[in-house]
Each structure stands twice: as C-alpha cells, then as structure tokens.
Amino acid sequence: MRVIRVLAPNPGIRELEGTNTWIVGDPPAVVIDPGPQDTGHLNEIVRSAGLVGAIALTHDHPDHAPGALPLASVTGAPVFAARPAEGMLRIRDGEWVSAGSTRLSVIATPGHTPDHLAFHVPAAGSLFTGDAVLGRGTSVIDPPEGDLTAYLRSLRRMRDLSPTTIYPGHGPVVLRARATLAERSWRKPATATTRCGERWNRSSLSRPVRGHPATSRRTALRAIARSPPASVESRKRSIVSIEWLDMIHDPRRLP
Ligand SMILES: [Zn+2]
C-alpha cells in the first residue's frame, strides 16, 4: 500500500517537526489531516497524491484541520470528520472512508479530544493515529476536551487491533506498534488535568497514595498546595499525577 508523508511547516512543542499529512493508497488516494492552511503545503499534497479521492480528519485541532476545505475545493474530494465543520461530512466509528481501491476503517479514539478518530487498514496492519499516539513522547490530555479515562480505553482498543505500523500525527513512523501501544497504556500523558480529583471524598483523602504507603492523599495534596507555583492549574495537574499513580499501581482500576 502506498503511504506518503508530507510534513507541514509548523514545528513546535506540541507539533514536534510539524504535522504529518498522510497520503494513503494509489490515486485516487485518501489524504489524512491536511494540516494548517498553508498554500505551499497544500500544493505539495496535491503534487504527491496525484489524484485525491477523499480527505479524512483525525480531529479538528488547528494543526490538523484548517487545510481540509481548501484542499477539497482544489481537488473536489469530500472531507470526513467526526465533528464536521460546515461543508464537511460526518463519519462515525465502524464506518469506512474509501477512495479507489483504498478503504480505511474508522476507529473512535476519544481522549486527546472527544472527536478523535484513528484510521485502520486491517490488510496492511496500518494504523493512522493522529494525536492519540505520537511518533515519540506522550499525547496531551487537557480537559475539558481531554479525558484520561477515555484515552486509556482508546489506547487499549488500538492495541487490540494489533497493528504492525503506526503512522502518527506528529513524529516518526512507529514500527513496534503493538509493543508501543501496550507501553503507552502505562505512561502518564505529558499534560493531564482531569477533574477526577474533585470526586475525592473525606475517606478517600485519608487513604495512602498507592505505591507510597506512608503518604496519604491529604498529605500529598497539602504538599502540592504549599509548593510553588501553586496556581489552581498546577495543583489540578498534580492531583492527576496522584490519580495516575493510583491507576498504575492497581490495574483493576484501569478502564
Ligand atoms: Zn496535533
């Protein structure tokens, strides 16, 4: 199966070298994540693809989606997304995106965002993961859009597809796909602020942090509150770190 990467000119902390736009299959090809609206980048996609039959979005973030409608107007290809903007078509889990002889299975992978999708080509063992799995480092899970529990569930779902190759939204291709998905299930995301800390009641606060029997959650939270910088945001992030410790020391709590 033909897979071509066109790297968008938007390097950054979250974007790594830039957004990977993937051209999948012989012409007419499927284009995944046209990236930002950048004329040079869009021209390169059209030149590399030959003929574009469909455009698919992993999610609607500004480093993945704004090039989609301009690319559609140049190529005449439809745009598919789970949270479509005007002029796009909605796709859901279990459906297929097709162009020519290429068929991509749509896999709902919420966590980074609620609308996040991965695209799977079972016959090739290929999984296009957007920001759900990056080529290196960890995904950003930032509420209210980000959801840690949903993210873990999505990682397991992708692992159960047993892909051989991961084509991420940023960073290099991952060849040890299944091992990487298993490993990511145990790794703390780079940024995680869930509201799970707010669910704690008095009795749960007196329990120790798992793996740290001498430290109660209350003690841990007090330490966090005292330690600079004690912004509300940084406290929330620390609470999530404790919640994460709980999860990784008690696999039964994993979704
Ligand atoms: Zn991204």
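Six strands line up as an open sheet in the order β1-β2-β3-β4-β5-β6, with mixed pairing; here two strands count as paired if DSSP finds at least two bridges between them. Strands (E, at least two residues) and helices (H or I, at least four) are DSSP runs, numbered from the N terminus. The structure is a predicted model, so to speak of a local feature takes a pLDDT of at least 70 and to count a side-chain atom pair takes pLDDT 80 or more, while totals for chains, interfaces and linings use all residues. Residues are numbered from 1 along each chain as its sequence is written.

At the edges of the sheet sit β1 and β6 (89–90), each pairing on one side only. β1 pairs with β2 in the antiparallel sense, over five bridges, and Val3 stands opposite Val24 in β2. Helix α1 packs on the sheet, touching β1, β2, β3 and β4, and its direction makes about 165° with that of β1. Helix α2 packs on the sheet too, touching β3, β4 and β5 (79–81), with its direction at about 165° to that of β4. Such angles run from 0 to 180 degrees between N-to-C directions, with axes as lines fitted to C-alpha atoms, for helices over the stretch in contact.

Now for α1 itself (residues 39–49): His41, Leu42, Ile45 and Ala49 are buried. A residue is called buried if 20 or more other C-beta atoms lie within 10 Å of its own, exposed if 12 or fewer do, and partly exposed in between, with C-beta atoms placed from the backbone. The buried residues of α1 line one face of the helix, because they fall within an arc of 100° seen down its axis; the arc is that of the directions from the helix axis to the C-beta atoms. Thr39, Gly40 and Arg47 are exposed on the other side of α1. Among the elements covering its buried residues are β1 (3–7), β2 (20–24), β3 (29–32), β4 (52–56) and α2 (68–75).

The largest nonpolar core holds 51 residues, and Val30, Val31, Ile55, Ala56 and Phe80 have the most contacts inside it. Helix α3 (residues 148–160) gives the most to this core, with six residues. A nonpolar core is a set of buried Ala, Val, Leu, Ile, Met, Phe, Trp, Tyr and Cys residues joined through C-beta atoms within 7 Å. Leaving aside neighbours within four places in sequence, Ile55 is in contact (C-beta atoms, placed from the backbone, within 7 Å) with residues including Val31, Leu71, Val79 and Phe80.

Notes: Two residues are in contact if their C-beta atoms, placed from the backbone, lie within 7 Å.
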